[in-house]
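Please look at the sequence and the 3D structure below before reading on. The report then takes up a few places in turn.

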Amino acid sequence: MDILYDINGKTIGKVGGILLNSNVEDSKRLVETFIYGIEKIKEDHMDYLIMEELPLFNRSEIELIEYSTNLKILDGQPALMTTLPLVLKDIQRITKEDLRKKEVLIIGNGDKLIEELICTLHKEISFVTLVGDDEVAIENISQSVFKRTGLSIFCSRNIDKILTNYSIIVNLKEENPINVNKFRRGAIIFDFSTRKGFSRNIKNRRSSVVIEDFMFASRDLNIMDNQWTNELISSKFYELFYDHMDIKPKGFLVNDNIYAMDDLIDKEIRKKGEL
């Protein structure tokens, strides 16, 4: 076990390892082993849990771990959704592409994060389609966004025939029936799901840009130098700080490679064609 401190020497949390065998066929046993390990090292004042191997567990297993340990597991989605508008503005500025002429597809379950994202982006985008299983929640978001911004949202459950219309896709769902191999050439796909099953199923990555995570500079955060945090940290670690810090990502995870913004545009986005 080791302790992480902020720059003033105040304890942020603990770093520890729990030995798990990801090849164990009994997922229930895997979860139970993990929960037992967490209970051994957690302390009363701890509220959050950041897991390096979060994709090992599905959503129901994550909820069980949270319930059993009384810890909130950070998956990075709030940080990703909050900083996505900054990223898209930078892409628009560097590529000179007018995002107001592009169509955006958002795949999710109709939560508040999606509504806030659309409201933040409404001046930069004109065409948004929202897809999800909860039709009532999606309709509520559509009405709320229209009242707040005047932006009309197209809601649909079956969009396979028009997938080639979308230049930008944002996915938050673990599983969905969309044919992921029908996206248009040059599309930018942000896969913010936990297990990345959506992006892993895309067979032809040569024709689209699939971004799975934003990376943030640890030096920009209120954290003392230590052996555990790299120069660039993932969104789920940044989520611990993002609510009171507004910084842009310094790197982007694409096909297990990390690109700076300029390299992302030159080596991936422009290489794949126009948005």
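Which residues point one way from strand β13, and which point the other way? In this predicted model, G251 and L253 lie on one side of strand β13 (residues 251-254), F252 and V254 lie on the other, and all are buried.

## Strand β13 and its partners

In general, the side chains of a regular strand alternate between the two faces of the sheet. Strand β13 has a partner in strand β11 (residues 213-217), to which it is joined by three bridges in an antiparallel arrangement, and here D213 is found opposite L253 of β13.

A further partner is strand β14 (residues 257-259), which also pairs with β13 in the antiparallel sense over three bridges, with V254 standing opposite N257 of β14. Strands β13 and β14 form a hairpin that has two residues between them, and N255, which sits in that turn, has a positive phi of about 50°.

## Two buried residues in loops

The residue T194 is located in the loop that runs between β9 (188-191) and α6 (197-200). Its relative accessible area is 9%, and T194 is therefore counted as buried, since the cut-off for that word is under 20%. The side chain of T194 makes a polar contact with the side chain of R59, at 3.3 Å, and when residues up to four places away in sequence are not counted, T194 touches L54, P55, R59, I62, D75 and E174.

The residue G108 belongs to the loop between β5 (103-107) and α4 (112-121), and with 1% relative accessibility G108 counts as buried. Leaving aside residues up to four places away in sequence, the residues that G108 touches include I114, V131, G132 and D133, as well as L172 and K173. The C-alpha atoms of G108 and E175 are separated by 9.9 Å, although these residues are 67 residues apart along the chain.

## Salt bridges

Side chains of opposite charge can pair when their charged atoms come close. A search of the whole structure finds 15 salt bridges, and one network of them links K112, E115, E116 and R148. K112 is exposed, with a relative accessible area of 53%, whereas E116 counts as partly exposed at 31% relative accessibility.

E116 also forms a salt bridge with R148, where the closest N and O atoms are 2.9 Å apart. Because E116 lies in helix α4 and R148 in helix α5 (residues 135-149), this pair ties together parts that are 32 residues apart in sequence.

Another salt bridge joins K173 to D133, with the closest N and O atoms 2.9 Å apart. This pair links distant parts of the chain, 40 residues apart, because K173 is in the loop between β8 (166-171) and β9 while D133 is in the loop between β6 (127-131) and α5. K173 counts as buried at 9% relative accessibility, but D133, at 45%, counts as partly exposed.

## A nonpolar patch on the surface

Which residues form a nonpolar patch on the surface? The patch is formed by I3, Y5 and M224, which together have about 230 Å² of accessible area. Of these, Y5 is placed in strand β1 (residues 2-5), and Y5 counts as partly exposed, at 32% relative accessibility.

Note on methods
Residues numbered from 1 in each chain as written. Predicted model: local features only at pLDDT ≥ 70, side-chain atom pairs only at ≥ 80, totals over all residues. Heavy atoms only, no water. Patch = residues over 30% accessible without salt bridge, like charges linked within 9 Å, V, L, I, M, F, W, Y side chains within 5 Å. Areas by Shrake-Rupley, 256 points an atom, 1.4 Å probe, with all protein chains shown as cover. Salt bridge = Lys/Arg side-chain N within 4 Å of Asp/Glu carboxyl O. Helix = DSSP H or I, 4+ residues; strand = E, 2+ residues; numbered from the N terminus. Buried < 20%, exposed > 50% of the residue type's maximum accessible area, 1.4 Å probe, protein only. Pairing = 2+ DSSP bridges. Polar contact = N/O pair within 3.5 Å; in protein donor to acceptor, adjacent residues only side chain to side chain. Contact = heavy atoms within 4.5 Å.
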